[in-house]
Amino acid sequence: MAPRRTEAVHKDAGGIDAQAPDSVLRLLADAQIEAARAVHSAIPAIAQAAEKVAACLAGGGRLVYAAAGSSGLMALADALELPGTFGIPRERVFILLAGGREALVNLAGGPEDDAGQAASDVAATGLEAGDCLVANSASGSTPYAMSALEEARRRGAATIAFANNSGAPMFDLADVSVLLATPPEVVAGSTRMGAGTAQKIALNMMSTLAAIHLGHVHDGYMVNLHADNIKLHERAARIVSAISGCDTATAEALLEKSGGSVKLAILLASGASSPEAANQLLEGADQRLRPALSKLEGSRGSHQ
């Protein structure tokens, strides 16, 4: 096995316990920034991962995240926000965390070694061909994450692995391997720090690019958001107003008419005759707003 960079000692960590607080914090901040920079070299692999995720969701498949410890928390953070941010149905996003729900209040280390539980957890989701499993592990050799990948492959699902060590065993089990080559931690082995930061960034990049592929982002706006609180209702109205040019009062009325769909409200504000007509435009454009607006503009032009 390749040396674990995630267990190495940081070059500037000597004597850290005797340094002034400001010096320690500057070192910690610089190390986080350096870890974040490591994501740049992984961009091609992250792009491949996003394509896998988008193809899975576009085909009606399910997206499953599997991880343990701090890496599990990073996966959890990405997965939980997909329904609200991008309107991906909650029942199509699964989160497998070593230790289960108990890990949310007691992040014990033992469950990450339970390969059998990982296989059982994957089986319980009914994972199959057309689905996609994303495993996340700083070391790249966590038994729970590796077993989840193995079970997913056995079931014919697409597999993606994120790890912070080159030559990670997990990479041999994945269709797409994403190496986040972060430097050694200031506190050796504490991968909740730099490695976790890079994982959070990379997972967010993957899911956001997948959402763009699916047509859930338009000009930087989350046009497929699920508005289930006051803040998001207001955001939805601002999005409709900004893209279509209508005032916010009109946007709010059209959102109500469209059943809360931002895309449909934008098309209605742009001239679609009814929610049904707007929905037909979207379906004909694979749920992408830009080509749907182009078709609407073209049809209006032809009738002038």
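**Figure 1. Asp 286 sits in the loop between helix H11 (275-284) and helix H12 (289-302).** This is a predicted model, so local features are described at pLDDT of at least 70 and side-chain atom pairs at pLDDT 80 or more, whereas totals for chains, interfaces and linings take in all residues. Numbering starts from 1 along each chain as its sequence is written, and side-chain values rest on heavy atoms, with hydrogens and water left out. Helices (H or I, at least four residues) and strands (E, at least two) are DSSP runs counted from the N terminus. Asp 286 isn't a glycine, yet its phi is positive, at about 55 degrees. Most residues other than glycine have a negative phi. With a relative accessibility of 55%, Asp 286 counts as exposed; the cut-offs are under 20% relative accessible area for buried, over 50% for exposed and in between for partly exposed (1.4 Å probe, protein chains only).

**Figure 2. Asp 219 is another non-glycine with a positive phi, about 50 degrees.** Look for Asp 219 in the loop joining strand E6 (217-218) to strand E7 (221-222). Its relative accessible area is 53%, so Asp 219 is exposed.

**Figure 3. Helix H2 (residues 43-58) packs on helix H7 (residues 194-213).** Two packed helices are described by the angle between their axes and the distance between the axes. For H2 and H7, the angle is about 50 degrees and the axes are 8 Å apart, which makes the pair oblique. The axes are lines fitted to C-alpha atoms, for helices over the stretch in contact, and angles run from 0 to 180 degrees between N-to-C directions. Under 35 degrees is roughly parallel, over 145 roughly antiparallel, 65 to 115 roughly perpendicular, and the rest oblique. H2 and H7 make a right-handed crossing (right-handed if the near helix is turned clockwise from the far one by less than a right angle, left-handed if anticlockwise). From H2, the contact (heavy atoms within 4.5 Å) takes in Ile 43, Ile 46, Ala 47, Ala 49, Ala 50, Glu 51, Val 53 and Ala 54. From H7 come Ala 202, Met 205, Met 206, Leu 209, Ala 210 and His 213. By class, the residues of this H2-H7 contact are 12 nonpolar, one polar and one charged. Here Ala, Val, Leu, Ile, Met, Phe, Trp, Tyr, Cys and Pro are nonpolar, Asp, Glu, Lys and Arg are charged, and the others, Gly among them, are polar.

**Figure 4. Helix H8 (residues 230-244) meets helix H9 (residues 248-257) at about 110 degrees.** The H8 and H9 axes lie 8 Å apart, and the two helices are therefore roughly perpendicular. H8 passes H9 in a right-handed crossing. On the H8 side you'll find Ala 236, Ala 237, Val 240 and Ser 241, and on the H9 side Thr 248, Ala 251, Glu 252 and Leu 255. That H8-H9 contact splits into five nonpolar, two polar and one charged residue.

**Figure 5. H8 also packs against H10, at an angle of about 35 degrees.** The axes of H8 and H10 are 9 Å apart, and their crossing is right-handed. Ala 236, Ile 239, Val 240, Ile 243 and Ser 244 of H8 touch Val 262, Ala 265, Ile 266 and Ala 269 of H10. This H8-H10 set has eight nonpolar residues, one polar and no charged ones. Ala 242 is also in H8; at 44% relative accessible area, Ala 242 is partly exposed. Ala 242 and Ile 266 are 24 residues apart in sequence, and their C-alpha atoms are 9.3 Å apart in space.

**Figure 6. Helix H10 (residues 262-269) is mostly covered.** Seven of the eight residues in H10 are buried, namely Val 262, Lys 263, Leu 264, Ala 265, Ile 266, Leu 267 and Leu 268. Just past H10, Gly 271 has a positive phi of about 120 degrees.

**Figure 7. Residues 53-216 are listed in UniProt as "domain: SIS" (unreviewed entry).** The record's positions are given in the numbering used here, with the feature name shortened, and annotations may be inferred rather than shown by experiment. In the model, the end C-alpha atoms of residues 53-216 lie 14 Å apart. The span is 40% helix and 16% strand.
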